[in-house]
Amino acid sequence: MRLRVGVLLWAMSWIPYGLILGLSGAWLTASWCFEILLGVTGLALAGTEFSRAVKARGWKGAPAVAWRAFRHGSDVPS
């Protein structure tokens, strides 16, 4: 589940909230910081789950394990 949430947060960080809302000045900078925070948080969540997959199956099998966990919404097996 953490892998899905991490990927979702990372994808949401690519939405230009400040431009969509028509912000400028300090508010645009604040929305830009919010987008960066979303992306970093998403990468941290998804990265920890993917690192568990690497530890469990090695580099060669990790993408398959991560994709299966992402598709089914389960955690990566330890």
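Trainee: How many residues apart are Glu49 and Arg52, and in which helix do both lie?

Mentor: This is a predicted model, so every value here is computed from it. An α-helix has 3.6 residues a turn, so residues three or four places apart point the same way. Glu49 and Arg52 are separated by about one turn: they are 3 residues apart, and both lie in helix 3.

Trainee: What do the side chains of Glu49 and Arg52 form, and at what N to O distance?

Mentor: A salt bridge needs a side-chain nitrogen of Lys or Arg within 4 Å of a carboxyl oxygen of Asp or Glu. The side chains of Glu49 and Arg52 meet that condition and form a salt bridge, with an N to O distance of 3.0 Å.

Trainee: Which parts of the chain does the pair of Arg2 and Glu49 link?

Mentor: The side chains of Arg2 and Glu49 also meet in a salt bridge, at 3.7 Å from N to O. The two residues are 47 residues apart, and the pair links distant parts of the chain: helix 1 (residues 2-12), which holds Arg2, and helix 3 (residues 26-72), which holds Glu49.

Trainee: How many salt bridges does the structure hold, and which residues are linked in a network of them?

Mentor: The structure holds 2 salt bridges. Glu49 takes part in one with Arg2 and in one with Arg52. The residues linked in the network are Arg2, Glu49 and Arg52.

Trainee: Is Glu49 buried or exposed?

Mentor: Buried means under 20% relative accessible area, and exposed means over 50%. Arg2, at 40%, is partly exposed, and Arg52, at 30%, is partly exposed as well. Glu49 has a relative accessible area of 2%, so Glu49 is buried.

Trainee: How many aromatic pairs does a search of the whole structure find, and is the pair of Phe50 and Trp59 stacked, edge-to-face or tilted?

Mentor: The search of the whole structure finds 3 aromatic pairs. Phe50 and Trp59 have ring centres 6.4 Å apart and planes at 55 degrees. Planes under 30 degrees apart count as stacked and those over 60 as edge-to-face.

Trainee: Where is the kink in helix 3 centred?

Mentor: Helix 3 has 47 residues, and a straight helix would reach 69 Å at 1.5 Å a residue. The end C-alpha atoms of helix 3 are only 41 Å apart, short of that span. Helix 3 also has a kink of about 120 degrees, and the kink is centred on Gly58.

Trainee: Which residue follows helix 3?

Mentor: The residue in question has a positive phi, near 80 degrees. The residue that follows helix 3 is Gly73.

Trainee: Is Ser31 buried or exposed, and which residues is Ser31 in contact with, leaving aside its neighbours within four places in sequence?

Mentor: Ser31 is found in helix 3. Its relative accessible area is 11%, under the 20% cut-off, so Ser31 is buried. Leaving aside neighbours within four places in sequence, Ser31 is in contact with Gly18 and Leu23.

Trainee: How many helices and strands does the protein have, and what pattern does the protein follow along the sequence?

Mentor: The protein has 3 helices and 0 strands. Read along the sequence, the pattern is α-α-α.

Trainee: What is the radius of gyration of the protein?

Mentor: Along its principal axes, the C-alpha trace spans about 50 × 20 × 15 Å. A compact globule of 78 residues would have a radius of gyration near 12 Å. For the protein the value is 16 Å.

Trainee: What share of the residues in the protein is buried?

Mentor: The count covers the 78 residues in the protein. Glu49 is among the buried ones, with a relative accessible area of 2%. The buried share is 26%.

Methods. Residues are numbered from 1 along each chain as its sequence is written. This is a predicted model: local features need pLDDT of at least 70, side-chain atom pairs count only at pLDDT 80 or more; totals for chains, interfaces and linings use all residues. Side-chain values use heavy atoms; hydrogens and water are left out. Rings of Phe, Tyr and Trp (its six-membered ring) pair if their centres lie within 6.5 Å; planes under 30 degrees apart count as stacked, over 60 as edge-to-face and the rest as tilted. Helices (H or I, at least four residues) and strands (E, at least two) are DSSP runs, numbered from the N terminus. Buried means under 20% relative accessible area, exposed over 50%, partly exposed in between (1.4 Å probe, protein chains only). The expected span of a helix is 1.5 Å times one less than its number of residues. The bend at a residue is the angle between axes fitted to the seven residues ending there and the seven starting there. The radius of gyration is taken over C-alpha atoms; the globule rule is 2.2 Å times the number of residues to the power 0.38. Contact means heavy atoms within 4.5 Å.
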